[in-house]
Amino acid sequence: LKTMAGKVKWVTDIEKSVLINNFEKRGWIQVAENEDWNFYWMSVQTIRNVFSVETGYRLSDDQIVNHFPNHYELTRKDLMVKNIKRYRKELEKEGSPLAEKDENGKYIYLDFVPVTFMLPADYNLFVEEFRKNPSSTWIMKPCGKAQGKGIFLINKLSQIKKWSRDSKTSSFVSQSSKEAYVISLYINNPLLIGGKKFDLRLYVLVSTYRPLRCYMYKLGFCRFCTVKYTPSTSELDNMFVHLTNVAIQKHGDDYNHIHGGKWTVSNLRLYLESTRGKEVTNKLFDEIHWIIVQSLKAVAPVMNNDKHCFECYGYDIIIDDRLKPWLIEVNASPSLTSSTANDRILKYNLINDTLNIAVPNGEIPDCKWNKSPPKEVLGNYEVLYDEEMAQCDGSDRDLRNRSGQSTGVKGTRARDSGKPVLTTWK
């Protein structure tokens with residue numbers, strides 16, 4: 001058994017049960033086991049202790065962990081939006097064509113996050129935006145919670161008066177007991193299947209941020225609500241209509257414990273190809289991949305790219321009825337518990353394939369290796385973006401992908417001056 005002290009030892013069953021119990025108390029979760037090794041997945045709470053300046057802990061070359069030290073730059077709702085906004089501004093300053101805007105001032109290529117404000121800091125800005133369209137619906141989320149906890153919808157300013165307001169300055173003041181929230185324009189025209197709202201849970205593995213190298217897991221799934229969607233304001237409080245989180249939907253009367261209200265991404269693709277056509281379906285998934293890569297690029301400069309780290313993110317994407325994808329949030333610890341038999345198989349394979357990339361051939365980890373595993377160990381992962389390869393192809397490839405000069409999704413080529421060029425983020 002590999003311990004945090006870096007030692008490898010054989011243990012009896014009794015010793016192993018005691019060790020596992022101690023690991024779980026410290027925030028480690030056992031995720032896979034074979035006759036030679038026990039692998040442990042570290043929680044986001046534990047990772048802060050490992051990389052804390054106060055603890056003085058230093059990892060050895062044969063130790064790797066499944067989070068980057070400041071993963072929250074992408075996975076905290078407020079920081080994700082802040083970093084994406086900063087990324088856009090930096091591209092604008094550089095004069096990058098990726099930051100181009102249309103006649104209404106909207107980003108052409110980087111408009112993939114709903115209009116979002118931080119509360120209490122941006123309260124006055126939010127009020128100004130709200131009054132431009134007072135009939136709009138907004139969704140409020142606590143910045144540091146998951147599984148749909150603390151989320152509610154509003155369509156009136158009076159509905160967020162649970163926080164105090166300074167009458168002299170008309171500024172928004174949070175009570176000391178209240179935590180920070182984000183408030184986002186609600187996507188009230190979601191793509192419906194069977195009349196129900198759904199979102200996509202996609203898994204993305206990042207092995208290094210500088211240079212950025214990430215992998216897309218092919219076996220993602222859709223999460224459906226149990227109650228048919230209605231934009232009616234009378235149903236704003238019905239979370240079974242609006243929130244797709246399994247942690248919420250499993251408590252509904254109509255929850256199906258056999259399929260768990262889930263569809264595979266491959267089934268979604270078949271459905272869209274048959275109802276909307278193959279070309280627009282390919283374009284949709286191309287845009288989803290683009291969103292993921294750009295969100296990772298947005299946080300890459302600020303991410304602590306520790307050589308001992310890798311991370312498997314859970315991306316939540318919503319598709320509207322115009323087949324435009326929107327990035328809702330990114331999870332640092334996507335649920336690895338299974339609610340159905342298919343779920344168990346998918347997540348077992350996800351963990352297995354992730355470990356095969358992080359520790360190729362099941363050998364003792366070595367943080368100094370170049371983190372470029374051979375194709376045969378990728379399993380259900382496929383390379384989504386490799387910054388080193390992209391730089392070799394030329395810096396203008398990203399724009400050519402977005403402006404439609406490349407076709408298809410994977411294994412495709414685009415033509416520029418008659419020369420075939422590989423897409424840079426595949």
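This is a predicted model: local features need pLDDT of at least 70, side-chain atom pairs count only at pLDDT 80 or more; totals for chains, interfaces and linings use all residues.

Residues are numbered from 1 along each chain as its sequence is written, and side-chain values use heavy atoms, with hydrogens and water left out.

Let us turn to helix 8, residues 265-275, whose buried residues are Val265, Leu268 and Leu272. Helices here are DSSP runs of H or I with at least four residues, strands are runs of E with at least two, and both are numbered from the N terminus. Buried means under 20% relative accessible area, exposed over 50%, and partly exposed in between, with a 1.4 Å probe and protein chains only. Leu270 and Ser274, on the other side of helix 8, are exposed. Gly277 follows the helix with a positive phi, near 105 degrees.

Next, the salt bridges, of which the structure holds 16. The term denotes a side-chain nitrogen of Lys or Arg within 4 Å of a carboxyl oxygen of Asp or Glu. One of them joins Lys141 to Glu329, with the closest N and O atoms 3.8 Å apart. That pair links distant parts of the chain, strand 4 and strand 15, 188 residues apart. Lys141 is buried at 11%, and Glu329 is buried at 12%.

Finally, the cysteines: there are zero disulfides, a disulfide being a pair of cysteine sulfur atoms within 2.5 Å. The sulfur of Cys309 lies 9.7 Å from the closest cysteine sulfur, that of Cys367, too far for a bond.
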